[in-house]
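Me: I would like to go through this structure term by term. For each label, tell me what it rests on.

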Amino acid sequence: MYLYMGNDQKRTAVTMIVWLCLLVAFLGCRLPVVGTEEDSGPFSTPFPSLNADALLSPNCSQLTLKLDFSTKVVKHEYIVAFNGYFTAKARSDFISSALRDVDAVNWRIVRRDNPASDYPSDFEVVEIRQDTRSSLLTLQDHPYIKRVTPQRMVLRSLKLTDTGTDGASPCNDTRWVQKWQSWQSSRPLRRTSLSLGSGFWHATGRHSSRRLLRAIPRHVAQILQADVLWQMGHTGSGVKVAVFDTGLSEKHPHFKNVKERTNWTNEKTLDDGLGHGTFVAGVIASMRECQGFAPDSELHIFRVFTNNQVSYTSWFLDAFNYAILKKIDVLNLSIGGPDFMDHPFVDKVWELTANKVIMVSAIGNDGPLYGTLNNPADQMDVIGVGGIDFEDNIARFSSRGMTTWELPGGYGRVKPDIVTYGSGVRGSGLKEGCRSLSGTSVASPVVAGAVTLLASTVLNRELVNPASMKQALIASARRLPGVNMFEQGHGKLDLLRAYQILNSYKPQASLSPSYIDLTECPYMWPYCSQPIYYGGMPTIVNVTILNGMGVTGRIVDKPIWQPYLPQNGDYVDVAVSYSPVLWPWAGYLAVSVSVAKKAASWEGIAQGHVMVTVASPAENDVSNTGEMTSTVKLPVKVKIVPTPPRSKRILWDQYHNLRYPPGYFPRDNLRMKNDPLDWNGDHIHTNFRDMYQHLRSMGYFVEVLGAPITCFDASQYGTLLMVDSEEEYFPEEITKLRRDIDNGLSLIVFSDWYNTSVMRKVKFYDENTRQWWMPDTGGANVPALNDLIAVWGMAFSDGLYEGDFTMADHDMYYASGCSIARFPEDGIVIAQTLKDQGLEVLKQETAVVENVPVLGLYQTPSEGGGRIALYGDSNCIDDSHRQKDCFWLLDALLQYTSYSMTPPSLTHSKNRVVPPTGTDRPLPQRLEGNHLYRYSKVLEAHLGDPKPRPLPACPHLSWAKPQPLNETRKKYKYYMKILKIRK
Amino acid sequence: TVSTKILRKKRAELSYLHHSLQQTSTNESLTAEERTIHDRTLLEVRDSDHHIQWKVQFILGNSSRQISQCRNSIQGKILLTDELGYVCERKDLLVNGCCNVNAPSSSQYVCKSCLANGCCSVYEYCVSCCLQPDKQPLLEHFLNRAAEGLQNLFTAVEDHFELCLAKCRTSSQSVQHENTYRNPQAKYCYGESPPELLPI
């Protein structure tokens with residue numbers, strides 16, 4: 001696991017520190033803490049003056065203001081924000097002097113009786129009853145006054161009406177208007193003082209507001225309008241918040257309520273030697289300078305990382321037990337790692353949430369690559385937080401893509417849950433003052449602080465639990481335009497709306513995502529990127545059920561599929577599977593969608609919904625009558641097209657792709673030494689996303705095979721695509737594939753290296769698990785692949801090659817690939833000159849090898865038989881660490897396999913060689929003593945060599961019996977799906 | 001962007017780097033191995049001079065004491081244990097937090113699934129078994145010899161119930177190679193010894 005912080009603006013500095021970090025040798029190192037020390041003054045960026053070139057489009061700001069501030073109960077009160085922190089007397093003096101020259105005799109400072117009022121503040125609430133407009137303008141001119149809200153915003157936007165609208169403004173997007181209005185109408189503002197805040201900052205029109213927002217002082221608690229809640233007297237008091245991090249020094253001036261510091265490492269100190277833990281604690285609870293969200297919360301500091309950033313699962317286990325004993329309410333984990341198979345850790349996190357600890361964790365800093373979600377933020381019971389910058393762009397570093405626990409048979413969950421500011425956020429410095437840092441380590445405490453503050457606003461704390469808090473956060477989050485759900489989750493944290501929802505909350509179940517619209521782009525990418533059709537592999541949506549009624553729950557009877565007949569719902573088949581017990585606080589609802597046979601040549605939109613009823617034991621019910629229930633409706637909308645011709649359909653073999661965790665599957669590219677594990681899922685929607693998008697743009701339909709090769713109808717597909725496969729093959733699969741190819745299916749294999757000497761060389765001592773790790777395969781399982789293709793007289797070698805070359809006028813980079821050792825003599829083989837990377841790894845010697853066969857094309861001889869294409873390296877179609885893509889080559893190979901068109905650029909290449917016969921060097925053998933059988937679905941341990949298991953049955957979906965509704969869905973109110981309120 | 005990609009397997013990078021780039025001897029990796037073993041030992045070492053200052057109040061006498069409110073084990077998927085040692089299904093939990101002793105699912109001091117070494121398969125049974133009055137000497141013995149790494153926890157527990165809740169949880173003593181249970185079946189232990197070490 002590592003700590004998540006970095007400064008994305010200081011790449012070189014980061015790199016240096018990373019390497020330093022490596023040299024001081026730690027294992028648990030998540031991200032090193034780096035940052036730029038800023039001047040300790042409150043703000044270094046000037047706030048735009050009244051006539052600044054504020055380009056929030058007038059439409060947008062007007063809209064926002066109009067809707068956000070339409071209630072006028074506290075209409076005479078204004079927030080006056082200062083340029084720094086001043087005592088109450090100084091603040092009063094400034095306001096008096098500013099208003100001296102105006103006739104505003106009738107004004108007063110509204111008293112704030114909260115614990116923070118003893119300390120210097122940077123704002124004041126003023127009631128002004130006469131000459132409001134001139135008073136505000138005068139106030140604005142005072143040198144120490146930064147801004148007056150919200151009425152000044154109104155004035156400004158009116159004033160800006162003439163300056164014209166930014167044409168590209170997404171604020172014109174009517175969906176956002178609808179979203180707002182539906183929310184407004186269904187949920188009138190309960191607490192009017194909320195409207196005092198500057199909802200302005202929340203406008204999600206990131207394009208139009210760019211220039212203005214850039215100038216925002218990056219004071220994250222105030223940008224999220226925590227001051228509105230502070231002013232109402234909520235400051236986090238009575239909430240126990242735990243920071244699991246690098247510790248905190250005893251006398252840090254920013255903290256007033258550090259209840260306890262404990263050390264769980266083998267270093268005898270409680271102090272933070274790095275600054276990571278101090279920063280995180282500051283974002284949550286600092287009371288001065290860079291203010292945190294909940295200054296009065298009870299801080300529990302758990303030091304679980306050493307100064308070298310070493311940490312172990314066992315330290316966490318003991319520390320977590322202590323957190324349970326201490327009845328911690330909110331726990332921040334700005335840490336994570338790829339090992340979701342660390343059962344002791346995952347189980348412990350479940351145990352924490354089951355004990356009502358609200359867990360908030362950083363989603364990881366491995367973006368923009370997909371398939372990079374980190375544990376524990378990827379758990380259903382944890383609030384996983386991604387990062388955005390102050391312009392509402394997803395931060396580049398923020399991890400994304402679906403969870404990969406469910407592969408290969410299922411489909412991943414949507415994560416992160418929400419996003420918030422994580423780039424250039426100010427927080428407490430190691431000893432004093434403030435600094436600015438970036439990373440999802442920063443975004444996580446923003447949410448943890450907000451959650452702490454929110455919990456302190458709720459009168460009946462019994463209602464606050466890990467599920468209800470998450471429900472409130474995701475239901476109130478603001479969706480960012482143009483970003484899909486696997487990057488932003490439910491959108492951007494909105495503290496005040498979460499406050500409103502939480503304070504009217506009634507225990508209930510809800511769904512994440514709350515609807516399935518496979519036509520909605522880009523939010524529902526990748527679903528929206530490919531319509532469904534009869535005969536295709538079922539599309540699976542992995543919905544998370546959140547159950548705020550109790551830590552344990554169950555689904556009553558079975559979920560019901562109700563197609564809308566007037567909207568062609570009967571053209572869709574739906575199958576549902578779900579967690580037998582929803583524990584802790586959550587479970588899954590896997591919805592598989594297929595097209596009915598009668599729609600095989602139909603095109604259109606079909607709709608319906610799934611109804612689920614969740615029940616929980618009624619613990620707090622005095623009558624003790626048994627159970628509480630909650631029924632949730634999941635609208636489903638899909639686009640159906642006629643089944644595409646065979647040649648356009650590609651089947652991606654997911655079943656034979658294995659990855660870390662649990663075993664050591666080394667990277668395909670051996671140069672990537674600081675990322676040695678293959679852990680991104682190898683799925684078309686994770687690290688093969690670009691390839692998928694490319695194939696879609698070329699008009700191909702790509703489906704995923706999550707079951708053995710024996711489980712698909714080959715007559716439906718033009719090409720089976722096998723990339724970087726690590727799994728073994730059942731004998732039945734080998735036989736079936738041979739038959740399929742005889743009958744016209746084609747096969748493309750992108751292989752990778754497999755050399756037992758190199759595998760022995762890249763073993764390492766893993767401090768996390770305290771054991772030696774030996775790879776269980778090479779980059780791909782070449783011996784297994786050779787078994788699969790042997791029948792055609794083909795084989796890959798145990799060579800390991802690297803280098804740049806040109807093929808068909810394209811620049812190519814071969815990154816740790818193998819060569820073709822054997823190929824039929826009537827096939828086409830292309831060779832290149834490459835470096836012998838095996839020699840380099842083993843002996844640190846450089847040697848260039850000419851005529852390395854890298855590509856082979858072959859037409860099988862049987863009548864109507866398919867074609868086979870082999871290539872020795874997968875790096876050029878893999879997003880992770882890719883240097884040069886070779887999608888052109890994939891296109892050419894598909895032209896060959898699917899359409900039988902032989903690319904002349906390859907057949908007439910000067911690099912064409914006589915197909916190798918495989919006599920010059922031995923084929924690779926499986927590494928003796930490898931543990932692949934531990935992770936394999938195909939092998940099982942046996943005396944002597946592992947043997948194949950019996951072939952498993954193919955997955956079978958039992959389609960729900962439809963209960964059709966003869967009604968028309970008027971319109972989905974997808975935007976802003978608010979939790980139901982039961983009176 | 002490579003700089004931001006620090007995997008969990010950080011040590012992996014280091015030794016990998018040594019192996020493939022610098023051809024250093026395996027000494028450095030061995031040093032790393034030795035050091036982690038040392039770290040590990042620190043956690044487990046029992047300093048004979050050191051006794052944690054535990055303050056657990058054991059309730060003497062019989063089990064039929066009457067209380068109006070119960071604390072219970074909160075977390076269970078199906079079962080709960082209350083502070084009187086009753087295990088019951090969630091549906092048989094009374095509003096006051098106690099198990100309904102009349103419900104068929106309720107019984108007191110249940111050691112079901114517990115092995116001779118004091119490790120059980122079900123957390124709630126572990127807690128219930130641990131609450132049995134005759135377990136007091138065993139628990140006191142444990143507290144007197146508790147490893148330093150567990151000091152924070154066991155100096156903070158105040159009574160028999162809190163002690164059993166805490167003792168039965170999986171902890172640093174429950175794992176091998178950090179990410180694997182020593183015994184995935186019987187991992188909740190009220191007894192002194194860690195779970196039996198099973199091969200992976």
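Me: How do you know that strand S21 (residues 560–563) of chain A and S24(A) pair, and in which sense?

Reply: This is a predicted model, in which local features need pLDDT of at least 70 and side-chain atom pairs count only at pLDDT 80 or more, while totals for chains, interfaces and linings use all residues. Residues are numbered from 1 along each chain as its sequence is written, chains are lettered from A and ligands numbered from 1 in the order in which they are written, and side-chain values use heavy atoms, with hydrogens and water left out. Two strands pair if DSSP finds at least two bridges between them. S21(A) and S24(A) have four bridges and run antiparallel, so they count as paired. One of the bridges sets Gln562(A) against His609(A) in S24(A).

Me: Which other strands pair with S24(A)?

Reply: Strand S20 (residues 554–555) of chain A is joined to S24(A) by two bridges, in the antiparallel sense. There Arg554(A) stands opposite Ala615(A). Strand S25 (residues 627–640) of chain A pairs with S24(A) over 14 bridges, also antiparallel. Val612(A) has Val632(A) as its bridge partner in S25(A), and Gly604(A) has Ile640(A).

Me: Why is S24(A) called mostly covered?

Reply: A residue is buried under 20% relative accessible area, exposed over 50% and partly exposed in between, with a 1.4 Å probe and protein chains only. In S24(A), eleven of the 14 residues are buried.

Me: Why is His254(A) called buried?

Reply: His254(A) has 0% relative accessibility, which is under the cut-off for buried, so the label applies. The residue sits in the loop between strand S7 (240–245) and strand S8 (258–263) of chain A. Contact means heavy atoms within 4.5 Å. Beyond four places in sequence, the contacts of His254(A) include Met287(A), Arg288(A), Cys290(A), Ser428(A) and Cys434(A).

Me: Why is helix H14(A) described as largely enclosed?

Reply: Eleven of its eleven residues are buried, so H14(A) is largely enclosed by the rest of the structure. Among them are Pro466(A), Lys470(A), Gln471(A) and Ser476(A). H14(A) covers residues 466–476 and lies across S17 and S19 of chain A, at about 120 degrees to S19(A). That angle is taken between N-to-C directions, on a scale from 0 to 180 degrees, with axes fitted to C-alpha atoms, for helices over the stretch in contact.

Me: What caps the N-terminal end of H14(A)?

Reply: Asn465(A) does, with a side-chain oxygen 2.8 Å from the backbone nitrogen of Ala467(A).

Me: Why are S17(A) and S22(A) said to stand at the edges?

Reply: The open sheet has four strands in the order S17-S19-S23-S22 (chain A), with antiparallel pairing. Strand S17 (509–512) and strand S22 (572–578) of chain A each have a single partner strand, so one side of each is left without a neighbour in the sheet. From one strand to the next, the twist averages 25 degrees. S17(A) and strand S19 (residues 539–547) of chain A pair over four bridges, with Ser510(A) opposite Leu546(A).

Me: Which residues of helix H17 (residues 689–697) of chain A are buried, and what covers them?

Reply: The buried residues include Met691(A), Tyr692(A), His694(A) and Leu695(A). Their cover includes strand S26 (649–653), strand S27 (701–705) and helix H22 (887–899) of chain A. Just after H17(A), Gly699(A) has a positive phi of about 90 degrees.

Me: How confident is the predictor in chain A?

Reply: pLDDT is the predictor's confidence in each residue, from 0 to 100. Chain A has a mean of 83, and 82% of its residues reach 70 or more. Over residues 6–73 of chain A the pLDDT is below 50, and over residues 151–217 of chain A it stays under 50.

How values were computed:
A polar contact is a pair of N or O atoms within 3.5 Å; within protein, one must be able to donate a hydrogen and the other to accept it, and residues adjacent in sequence count only if both atoms are side-chain atoms.
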